[in-house]
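This report describes selected local features of one protein chain.

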Amino acid sequence: MERQRSPLLQVKVNTEPKTHLAKASSRLPLAGSRLKRGLEQMEPALEPAKKRTRGLGPSAPLSTASQSQTAVQKLPRKTGPCPPATALKNQRLAPTVPAQKPAELKRCREKAQTLHQENQQLRDQLQEAQQQASALGMERSSLEGELAQVRAQAEQGQQQLGSLSARVLELEERLGTQEGLVHVLRKEQLELQEERRTLTTRLEGQERRLQASETALSSSQAEVASLRRENEAQAALLAERGDRLHGLEMERRRLHNQLQELKGNIRVFCRVRPVLAGEPTPSPGFLVFPPGPGGPSDVPTRLSLSRSDDRRGTLTGAPAPPTRLEFSFDRVFPPESRQDEVFEEIAMLVQSALDGYPVCIFAYGQTGSGKTFTMEGGPAGDPQLEGLIPRALRHLFSVAEEMSGQGWTYSFVASYVEIYNETVRDLLATGSRKGQGGECEIRRAGPGSEELTVTNARYIPVSCEREVRALLQLAHQNRAVARTAQNERSSRSHSVFQLQISGEHTARGLQCGAPLNLVDLAGSERLDSSLALGPGERDRLRETQAINSSLSTLGLVIMALSNKEPHVPYRNSKLTYLLQNSLGGSAKMLMFVNISPLEDNASESLNSLRFASKVNQCIIGTAQANKR
């Protein structure tokens with residue numbers, strides 16, 4: 001809404017000269033970008049009024065109000081209609097009454113004060129307008145910058161256009177025949193001169209680089225000579241260290257063999273399997289494991305078995321008290337023993353095969369005592385249940401890889417056969433060769449050779465655990481088993497896993513070779529406790545007789561070797577005949593006697609313990625490594 005103008009302002013405006021009204025009305029309104037210029041022009045218009053105001057004295061506020069009113073008229077805002085000129089004339093010509101001057105002067109001062117306030121408001125509006133003008137000035141500067149940028153782009157376009165025009169002129173000049181040819185020849189001359197200068201500069205640079213290269217070559221030749229001398233010194237030191245390392249390795253083998261001999265070339269371990277699910281729990285005093293010689297912290301080496309004999313009795317007719325039998329071995333493994341604990345005890349013996357000593361490990365015991373679990377392990381896929389065969393080969397592969405850093409290279413050839421009813425069968429046979437056990441015979445490897453081989457049996461090179469695992473799975477499927485009164489699936493044959501190890505140190509011309517035999521013997525139960533049920537009773541009887549005969553021959557061979565008898569009955573059994581090179585004085589032998597924790601099997605367990613005790617008392621001569 002338009003602000004209502006005060007009467008005093010109207011009177012003051014009417015008293016102004018008409019020329020001032022014309023000037024003020026001519027300056028209104030100012031719009032857009034011309035606002036700043038209008039404000040600048042406003043100041044000179046106010047200057048006469050300011051001078052008159054200084055001359056009036058007390059009436060100065062009235063002059064200031066007139067100046068403010070004039071500035072307001074210059075701004076772009078709506079103003080009320082001006083009074084007519086006749087009204088101004090009448091007011092100017094009216095006489096002034098002296099009696100009314102004080103009161104009128106008071107009213108004028110009040111109105112002047114009011115106008116002063118309005119003047120202050122107008123000044124604030126003027127300041128706001130100046131700020132708007134400043135913003136518009138900044139916008140103008142921005143637009144001027146953009147205009148300058150556009151002009152610069154235009155100038156750049158003009159330059160490019162000029163460059164293109166120059167190119168066009170150059171092409172037009174080349175079209176000339178005579179003048180163009182002269183121009184080209186002169187240009188070529190200049191280019192050749194420039195190229196000559198360039199080549200001269202490059203030649204100087206190449207000469208400087210050549211000198212630097214010759215200096216670097218001389219330095220490199222001196223460094224190469226120094227490195228050659230250092231290499232020769234290192235080679236000599238390496239050869240010296242190699243000789244020392246070889247000497248230490250030979251000393252290690254000697255001490256290792258001496259340690260094994262101190263433990264005994266024939267050692268016997270006893271292992272008691274845990275009670276399986278569904279089996280009766282034995283009485284607490286049936287099997288007792290006394291602590292070792294060093295106290296409870298020492299490994300056990302003794303086993304005590306309690307046995308009651310119903311045939312014995314007292315004078316009063318009461319049954320006799322049970323008798324306790326004590327057995328001592330090189331190591332006794334209670335039912336809670338793990339597979340890794342068992343292998344840790346024989347790991348050093350297995351390593352003797354890499355040193356060139358024949359090694360033979362047996363698992364002996366009745367059916368169901370845990371022989372196959374000890375040798376082959378439990379279900380596939382559980383590394384905690386792996387048996388001695390996979391663990392032994394993993395250990396051999398690992399040690400052979402370490403020995404390769406000392407110049408030794410090893411090769412491994414595996415075979416797996418079973419002896420069933422004194423017939424040799426290949427457990428690694430596949431396809432049409434399965435079941436053709438009669439074709440396998442034990443023969444000498446060659447004329448004058450002491451090495452024995454099995455004809456028509458597969459000898460497979462192995463180099464990793466995966467290959468060994470596949471062989472064990474194939475042999476497990478081919479092995480002869482049957483149901484007996486003591487075990488639903490009893491091994492009815494001796495299985496012999498043979499690993500022929502060959503080592504060579506090419507730099508020193510050394511060779512060594514020895515077999516590692518891991519044997520899972522058939523069940524050692526007597527005839528009356530393993531009779532099979534069903535129509536095949538006669539076949540089971542013949543199997544048991546063959547098994548017991550071969551086990552008896554094994555005991556006789558060990559006793560003959562211990563007593564150093566001139567004749568050792570190797571040929572009385574296919575088992576001892578096949579293993580004769582691993583049972584003699586140059587071999588190391590270990591027997592696991594596996595027994596059942598059940599009281600029902602006490603009789604068979606006692607027979608196994610007695611047989612193992614006899615073997616444990618045998619002493620065989622010092623082992624000799626097979627080296628060339």
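In which helix is the place of Thr-576? In this predicted model, Thr-576 belongs to helix H13, which spans residues 574–578. Thr-576 counts as buried because its relative accessibility is 0%, and the cut-off for burial is under 20%. Its side chain reaches the backbone oxygen of Ser-573 at a distance of 3.1 Å. When neighbours within four places in sequence are left aside, Thr-576 is in contact with Thr-553, Leu-554, Val-557, Pro-569, Tyr-570 and Leu-583.

Two of these contact partners, Leu-554 and Leu-583, are also touched by Phe-362, where residues up to four places away in sequence are not counted.

The largest nonpolar core has 51 residues, and Leu-303, Phe-362 and Leu-583 touch the most other members. Helix H12, residues 537–562, supplies the largest share of this core, with seven residues. Another core, of 45 residues, lies apart from it and includes Val-350, Trp-408, Tyr-410 and Leu-590.

Val-350 is also one of the buried residues of helix H8. Helix H8 runs over residues 339–351 and has 13 residues; from its first C-alpha to its last it reaches 18 Å, close to the 18 Å expected at 1.5 Å a residue. A bend of about 40° occurs in H8 at Glu-345. Besides Val-350, the buried residues of H8 are Gln-339, Val-342, Phe-343, Ile-346, Ala-347, Leu-349 and Gln-351. In an α-helix there are 3.6 residues a turn, so residues three or four places apart point the same way.

The remaining region carries an annotation. An unreviewed UniProt entry places the feature "binding site" at Gly-365, Gln-366, Thr-367, Gly-368, Ser-369, Gly-370, Lys-371 and Thr-372. Of these positions, Thr-367 lies in the loop between strand E6 (359–365) and helix H9 (371–375). Gly-368 is likewise found in the loop between E6 and H9. Is Thr-367 buried or exposed? Thr-367 counts as buried because its relative accessibility is 6%, whereas Gly-368, at 32%, counts as partly exposed.

The relative accessibilities of the individual residues are listed below.

| Residue | Relative accessibility | Class |
|---|---|---|
| Thr-367 | 6% | buried |
| Gly-368 | 32% | partly exposed |
| Thr-576 | 0% | buried |

Key. Residues numbered from 1 in each chain as written. Predicted model: local features only at pLDDT ≥ 70, side-chain atom pairs only at ≥ 80, totals over all residues. Heavy atoms only, no water. UniProt positions renumbered as here; feature names shortened; annotations may be inferred. Helix = DSSP H or I, 4+ residues; strand = E, 2+ residues; numbered from the N terminus. Buried < 20%, exposed > 50% of the residue type's maximum accessible area, 1.4 Å probe, protein only. Expected span 1.5 Å × (residues − 1). Bend = angle between axes of the 7 residues up to and from the residue. Polar contact = N/O pair within 3.5 Å; in protein donor to acceptor, adjacent residues only side chain to side chain. Contact = heavy atoms within 4.5 Å. Core = buried A, V, L, I, M, F, W, Y, C linked by side-chain atoms within 4.5 Å.
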